[in-house]
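Hi there,

Have a look at it first, then read on.

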Amino acid sequence: MSPADHVARVPLSFLLPGAHARIDAIDDAIDATQREQLVAYGIAPNRPLVVLQQHPMSIVMVDEVELALEESVARHVWVKRR
Amino acid sequence: MTPSAIALVGNPNVGKSVLFHRLTGAYVNVSNYPGTTVEVARAAARFDGSVDLIDTPGVLTLPARSDDERATMRALLHEPLRAVIQVGDAKNLRRTLTLTALLAELGIPAVLALNMHDEAGARGMTVDAQALATALGIPVIPTVATGGEGVAQLTHQLADARKLQPLLHYDAKAEAAITDLAARIAADAPHPRLAARGLAILFLGQDSEVEAWLQQTAGKAYVKLAAARGVAQARGVAPATLAHERGEAAGTLAARVTARTAQSSPLLAHRVGQWVIHRVWAWPILLGVLYAVYEFVGVFGAGTLVGLLEENLFGEHLNPAITGFVQQHIHIVWLADLLVGEYGLWTMGMTYALALILPIVTTFFIAFGLLEDSGYFARLSVLANRLFRLIGLNGRAVLPMVLGLGCVTMATLTTRILHSPRERLITIFLMALAIPCSAQLGVVLGLLGGISFSVVLIWVAAMVAVLMLAGFLAAKLIPGRRIPLVTEMPPMRLPLIGNVAKKTVGRLKWYLIEVIPLFLLGTLIMFLLNQFGALSVVIRAGEPLVSGWLGLPPEASAAFVMGFLRRDFGATGLFALSHTLSPIQAVVGMVTLTLFVPCIASVMMIIKEQGTKIAMAMLALIIPFAFLIGGLLNHLLRAVWGAGA
């Protein structure tokens, strides 16, 4: 992985409220069932999201729906800032 | 059987149950959080009495993964469906169409009700229903189910329900596997209504209900089906990739038919939704909500209303009149006693049920309904998540637990929204142990609130401590892994008074039907125990435990006997003794009774959901534990405040 990739790709849990981002990947630490659930909620590669809050957990807006993701999940969702 | 049923299917919290009510007149519980419906409900349709309408639990994903999703899949497999009405959230067309893509493969005639299009409008979105209808090949009707908008058109267009156009082709590898499996299913296990291709896709997606159905229908040939699936999976056809492809196709179509206007400012609903989980404001808001509920249920319901009913209406007017009437006309002493004596069916059973419990549960159900419809509970699961992590659960378990404050029996059923058997077991156990139902909560608030707010806080602290301790131990002892929380938060809404009223009446009806017979039965048992002198034996036998260990007056034993039937019946018995209890006795008695066995109905429900063995094991743990904690609290409080308090 080149240094540029490190700059571009961050875990969702690192973004500040108000940040706009695009989902890059969900890493393998997330098991298959939970990954399916995330995809169903709209947390899937290439989809845009807006971070609303980071406390008490990551709150994001995807497709006009507010989703809450625990830190243990949000840190395995990799995003690129828009 | 000729197909004569129509099912409402859709994602969670899109308004299926509201629409069900509109189409049948039958009321099923409706709330503003996902997972209100966990079992299918059915009723005859208003527009055609020969058609059964079936309300199904919301599905986030099909293939089914949780118990409520499996219930929906079972309905699709086994009900004689003529058509389905897919109910979709207009604000979230992508998710709606992801499900549509799967329904299309199953080949069931469908119509799409695009619900909540008013909320979509408020967010600057408009969906071109006509273009969507053309793309899908079925009628698409924008609706606002809560206001009845579009419902007439929906019934009218049901006749035009037809099979959906497929939304996508999967990638070549997946298509090859699907075609192969579909051919096998068509040969070995053809379904009377569902297309083999759809079943093949669900089977590849490892839907356990479809697996079970194929196993049963294909018989010996199932081995070959499973082998073919194994080959496909080895080639990399995974459930997640199929789901992802459906999502992509749905997203593309959704983007094509949705127009957006720039939104001027965030909606008030959004801002309120963020305040209630704000890192600072969340806590004063939570305390405020709790205090408001306490004022309404504990002070107004259990204080003012109970005072009016019990002391004035029953105590001064009804009971003396009825007692006088009975004593004048019935000269058989035991019969008169049975009706209006100390343990009389009227003076104890009906008075408890109507004068003490009814006002309390009514106010509780109103408060609960308002909170339910506001969208606050879903946010509560986010707030509670950190705490629940300690007990091996995630914040989602807050919903059944809060519902348990209404009725533990109902809430036990609601644990089906949880994703693993382990989470369900822990939640059901904790609810049976430490979650008081509304009736009991009301009595607790009435009795302890009458003493002081700080006594109420001691009781709350004891309950939370027990909940955390028992949960912590359960999480350590029950094998399995905790599932992290990922949840949707429905928008905050102003509750509709009509819906809250309907819900309250429905719950009260259910409650009274369940409670009055049990209160009468309980009174009868108490009467018989008393008549044959067994009550004094029980009271004497219980004395070392009740008076020695718990420090309660001996008569309190009777409350525990009553508690076996229903915790609130026991609590009411203690309430009736309240003028003779010291603050420490009151709080110790209530803590012990709250932990004590839940009511018979909820034990039945635990047996139904978890089996007799687990239910009995729970009781065997809970009863001694209740007395242990009660006694410890008694000694602790006496050590702190001295025996005189």
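**Where the two chains meet**

The contact draws on 27 residues of chain A and 29 residues of chain B; two residues are in contact if their C-beta atoms, placed from the backbone, lie within 7 Å. Before going further, please note that this is a predicted model: local features need pLDDT of at least 70, side-chain atom pairs count only at pLDDT 80 or more, and totals for chains, interfaces and linings use all residues. Residues are numbered from 1 along each chain as its sequence is written, while chains are lettered from A and ligands numbered from 1 in the order in which they are written.

On the side of chain A that touches chain B, the elements that give two or more residues are α2 (32–41), β3 (48–53), β5 (65–69) and α3 (71–74) of chain A. Helices (H or I, at least four residues) and strands (E, at least two) are DSSP runs, numbered from the N terminus. The most comes from α2(A), with 10 residues. By type, this side of chain A splits into 14 nonpolar, 7 polar and 6 charged residues. Here Ala, Val, Leu, Ile, Met, Phe, Trp, Tyr, Cys and Pro count as nonpolar, Asp, Glu, Lys and Arg as charged, and the others, Gly among them, as polar.

Two strands pair if DSSP finds at least two bridges between them. In this pairing, Leu67(A) sits opposite Glu488(B).

**Strands within chain A**

Strand β6 (residues 77–81) of chain A pairs in the antiparallel sense with β1 (residues 9–11) of chain A, over 3 bridges. Strand β2 (residues 20–26) of chain A is also antiparallel to β6(A), joined to it by 5 bridges. Trp78(A) in β6(A) takes part in both: it stands opposite Pro11(A) and is the bridge partner of Ala25(A).

Most residues other than glycine have a negative phi, and most peptide bonds are trans. These are the places I would point you to:

- The peptide bond from His55(A) to Pro56(A) is cis, with omega near 0°; Pro56(A) lies in the loop between β3 and β4 (58–62) of chain A.
- Leu62(B) and Pro63(B) are joined by a cis peptide bond with omega about -5°, and Pro63(B) is in the loop between β3 (52–55) and α2 (67–78) of chain B.
- Met116(B), not a glycine, has a positive phi of about 60°. Its loop runs between β5 (109–115) and α4 (117–122) of chain B, and Met116(B) counts as buried because it has 24 C-beta neighbours inside 10 Å.
- Gln206(B) also has a positive phi, near 65°, in the loop between α8 (196–204) and α9 (208–218) of chain B. With 18 C-beta neighbours inside 10 Å, Gln206(B) counts as partly exposed.

For these labels, a residue is buried if 20 or more other C-beta atoms lie within 10 Å of its own, exposed if 12 or fewer, and partly exposed in between, with C-beta atoms placed from the backbone.

**Inside chain B**

The domain assignment (automatic or from a database) gives chain B domain 1 (5–163), domain 2 (172–238) and domain 3 (282–641). The C-alpha centres of domain 1 and domain 3 of chain B are 37 Å apart.

Helix α14 (residues 333–340) of chain B has Leu338(B), Leu339(B) and Val340(B) buried. Seen down the axis, the buried residues of α14(B) fall within an arc of 165°, so they line one face of the helix; the arc is that of the directions from the helix axis to the C-beta atoms. On the other side of α14(B), Val333(B) and Trp334(B) are exposed. The buried residues of α14(B) pack against α13 (282–329), α15 (345–374) and α22 (497–531) of chain B.

Helix α24 (residues 556–563) of chain B is largely enclosed by the rest of the structure, because 8 of its 8 residues are buried. Among them are Phe560(B) and Met562(B).

Happy browsing!
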